[in-house]
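Dear colleague,

I am handing over the structure below, and I would be glad if you could look through it alongside these notes.

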Amino acid sequence: MLTIREKIAYGLGDTASNIIFQTVMMFLLIFYTDVVGLSPALVGTLFLVVRLFDAITDPLMGAMADRTKTRWGQFRPYILWLAVPFGIISVMAFTTPDFSYNGKVVYAFATYTLLMIAYTAINIPYSALGGVLTAEPSERVSVQSYRFVLGMLGGLIVAASTLPLVEWFGEGDKAKGYQLTMMAMSLLGVVLFLLCFSGTNERVSTPAEQKTSFFDDLRSLWKNDQWRILCLAGLFLLTGQVLRATLAIYYVKYVLNLEQYITLFITLGMIGSILGCALAQPLAKKVCKIKAYITLQLIAAFICVISYFVPKEYDIMAFALFFLWSFFLQMATPLLWAKMADTIDYGHWKTGVRITGMVYSAVVFFIKLGVAFGGAFAGWLLAYYGYQADVEQTEATQQGILLSFTLYPAIGSILVALVMRWYVLDNKRVEQIHGELNEAQQA
């Protein structure tokens with residue numbers, strides 16, 4: 001049984017990660033289009049191209065972490081080593097250089113690529129750490145609930161404070177405001193990563209006799225059919241989620257015409273996310289995790305569809321629906337990450353090879369690919385519907401933003417629900433696998 005203190009310490013690592021992840025998801029597109037001055041179509045392509053590079057870096061990072069042996073463990077050292085570099089690169093990504101347009105494009109590609117490499121290098125070991133803190137299935141849901149409550153707290157900090165801090169630091173200069181805001185955010189993130197490192201311990205280890213190559217790990221990974229299902233679910237989920245979250249600012253500013261309430265809108269969403277994550281563990285104790293996950297995705301899709309039909313004059317209803325969407329969608333998130341740990345045990349049972357870092361890195365790659373698609377679609381859709389920065393949008397553009405913010409994300413949640421019908425690792429099956437693995441180790 002893990003202590004609450006250790007669960008909180010682990011969760012603080014996701015607070016740090018989300019300070020960057022949520023800033024990228026909510027503000028990087030509008031920073032590039034409205035501050036740096038890049039075209040939305042180009043930014044959409046940037047998001048996709050850079051994230052495709054993760055197809056190489058993610059499995060390599062997972063394999064590297066699986067083979068790391070230090071006095072601190074396999075995964076914790078990377079949090080210690082990379083906290084400061086990650087913070088510095090985050091500031092660079094939100095810096096506006098005094099370059100020509102082409103120079104700014106090159107700088108954006110370079111710094112965003114570095115940011116994603118740094119995120120991969122610290123977040124994959126951090127995610128894998130959650131799978132080795134405990135072997136108990138119920139505790140895994142609890143760990144992930146703490147993680148995502150505290151992770152969404154990082155998102156709440158970003159949602160509630162980013163634009164006010166940009167205004168305060170910048171004093172009318174948004175470029176300066178974003179840079180100084182990210183300095184403050186990054187400093188906080190470094191401190192939280194270090195608290196995560198110092199407050200956790202690894203308890204589940206790779207069998208000492210296991211000696212495999214990188215390509216052996218890939219072959220074992222592919223044999224894990226439940227891992228493949230989670231990869232597809234993560235891809236569809238994040239594509240829709242990021243598309244909606246990225247366009248939230250545009251929806252409030254240009255469809256509801258309530259620019260002054262942008263911070264309130266996204267902050268309400270984060271509060272809904274925190275409450276949803278907090279209720280994941282009680283939900284998992286009462287109902288089947290698989291059925292609960294599918295139902296939550298369908299509820300989230302239904303809320304997106306309802307949002308399309310809300311007239312702009314009913315702004316309170318629009319705010320309430322965004323809160324409810326965040327609440328139900330994020331209630332499912334700890335369940336998904338607990339399933340990742342279960343698929344590691346399943347793969348170990350099926351193939352005889354335990355590849356914690358590789359499994360997490362592969363699922364995280366598809367999640368990040370979803371983030372890339374979501375961000376890319378947001379940029380491309382804005383360009384397709386004729387968006388122009390900081391001017392009154394045409395009726396066709398407003399309608400396009402509304403469609404992209406409501407109906408299109410609903411498709412992602414529906415696809416997730418369909419894919420998860422083939423997932424079979426319920427509590428009973430996981431306990432059976434644990435029993436057989438324990439017997440094999442004792443034999």
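Helix α12, which covers residues 289-308, has 20 residues and reaches 29 Å from its first C-alpha to its last, close to the 28 Å expected at 1.5 Å a residue, where the expected span is 1.5 Å times one less than the number of residues. Helices here are DSSP runs of H or I with at least four residues, and strands are runs of E with at least two, numbered from the N terminus. Please bear in mind that this is a predicted model, in which local features need pLDDT of at least 70 and side-chain atom pairs count only at pLDDT 80 or more, while totals for chains, interfaces and linings use all residues. Residues are numbered from 1 along each chain as its sequence is written, and side-chain values use heavy atoms, with hydrogens and water left out.

Asp342 lies in helix α14, residues 333-351, and is buried, with a relative accessible area of 3%.

As for the whole, the protein has 18 helices and 0 strands. Buried residues make up 61% of its 443 residues, and its C-alpha trace spans about 70 × 45 × 35 Å along the principal axes.

Note on methods
Buried means under 20% relative accessible area, exposed over 50%, partly exposed in between (1.4 Å probe, protein chains only).
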